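Dear colleague,

Please find below the structure that I am handing over to you.

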Amino acid sequence: MVIDLIANFSLLTAFLFFLNSIIRKQVTGLQSKLQTKVFVGVTHGLFSIVLMFFSVQVTSTTILDFRQLMIISAANFGGIYSSILASLIIAAGRILLFGGMNESSLVAASSSVALGIGSGLLMKLVNSYWRRWSFSIGLSVILAASTLYYLLREDSFNILPSAMIFLIFGGLATAALIAHFAASNKLQLELKESDERYRRLNAYQDAIFASSIGVSLIATDVNGNITLFNKGAEVILGYTAEEVVGKVNAEFFHDITEFAERGKQLSREYNRPITGFNIYIEYVKSGRTDGREWTYVHKDGKPIIVNLFISPLEVDGVLLGYIGVATDITERKKAEEKLRKANEILQELSLQDGLTGFSNRRHFDEALEREWISARKDSSSLSLILFDIDYFKNYNDSYGHQAGDECLRTVAAMLKAMIQRKTDIYARYGGEEFALILPNTNIDRAAGIAELVRLAIEACAIPNAESQVSEFITISAGVATVNPDTMPDFNALVAEADALLYKAKQEGRNRVKASIIESQKG
């Protein structure tokens, strides 16, 4: 019997691997789509019939297998509708394929349906994953033991201990396997998203820096007249060597305004007028290397940013002129600007909550400390409101995570719509908690804003059958106001708002509690 049960459990494990590959992104939680619930119920029910073909034959009419765990698994993936559907398929299979309309088949079928209803209800009513499974396994043990005793009487005592042990440990192993799938799938999804994000950023960076950089060599005599103009200079500036050699001065290519501004800077530095070509070579004449960014002007009028290094040309100690080595960094400067903006965007995203677009907890802490310092400096009042969606966990369990996310977005949008000042700061404080920082705001105005938000959320009429205070989604709020001059730090403001929020929930939810914090200086 032990070997047969192990084989039966191996088949169940193989099925779970198969099911996980099918609904990889939906391993945990109740599903909202009817087609998913039907799929889960039918697949679990049909495979349970397969398990019965490989069951342990206890008597000519009694068989033993792990179909109970398939019913619980169906309840885990699809809720009560899936578990009932699976149990009905199992009951029909047990009667039609394994013994017909006899007492054993009818009792076993009834036990399956009872487990389908019971495990489905447990998955809906119990919040903790392991408690749901533990209660469901316990129910299956009671039903299986009762069925065997009813059919076999005292003879059942010979197989009940080992059968129940297998059922308990098999159930816990199944629960652990499904939990492992959930964690692995979540990690795999996060890794995939991270990899895709890295690839996008990498491609973006490659596109920014994929540019051709030319090198310009321009030589002049001691007066700045051009004597050499290489191919790189032709590409960068758009002139041919024939157009410039011996005909123009090196300063000809520079942005006039920038060149003049550099002359004023040097004149102040050397405390004497520096003009013309001397602006170009003054540092070099002083024995220093001159490397800096300059703006050239292309033949068509387009500005070009270059890194220009100027060196003297000497032969046997005799100065023949100067050479400028310029690298076109226009594209690089554009890339740096794009990268700077990209970093600003990434920095901004790191301070945002991805679901609602609100500031996240990290940004909230930074903002509150900043506003606390500002309020203390100005001796002005500072208010903080903490909001919490009433019975949101029950809502999430009942309506599904997608509906829960949409509810959070709706509440966030309504809260944002109520903000009238640019100085007010809203944030997602926790799972279903939101925060609103109100600088230079007294307790009456802060409490009034909280009440307006509460009424606006209730007016949205988001159905919540799991709420004990309203048929719609509601919120509770704690409002605390303080003058920072009277408080040692901003943590007291958070603690007071949190305490008031807790008080609002204790007094029945769907309400606002507000208070001014008295001085805590010793």
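D388 counts as buried in this predicted model, at 5% relative accessibility. Buried here means under 20% relative accessible area, exposed means over 50%, and partly exposed lies in between, with a 1.4 Å probe and protein chains only. The partner of D388 is K505: the two form a salt bridge in which the closest N and O atoms are 3.9 Å apart. This pair links distant parts of the chain, since K505 belongs to helix 16 (residues 491–506) and D388 to strand 8 (residues 382–389), 117 residues apart. K505 itself is partly exposed, with a relative accessible area of 25%.

A salt bridge is taken as a side-chain nitrogen of Lys or Arg within 4 Å of a carboxyl oxygen of Asp or Glu. Helices (H or I, at least four residues) and strands (E, at least two) are DSSP runs, numbered from the N terminus. As to the numbering and the model, residues are counted from 1 along each chain as its sequence is written, and, the model being predicted, local features need pLDDT of at least 70, side-chain atom pairs count only at pLDDT 80 or more, and totals for chains, interfaces and linings use all residues. Side-chain values use heavy atoms, with hydrogens and water left out.

In total, the structure holds 13 salt bridges. Among them is the pair R421 and D424, whose closest N and O atoms are 2.7 Å apart. R421 is partly exposed at 25% relative accessibility, whereas D424 is buried, with a relative accessible area of 7%.

R361 and D365 form a salt bridge through their side chains (3.5 Å, N to O). The two residues lie about one helical turn from each other, because they are four residues apart in helix 12. R361 is partly exposed at 37% relative accessibility, and D365 is partly exposed with a relative accessible area of 33%.

Yours sincerely
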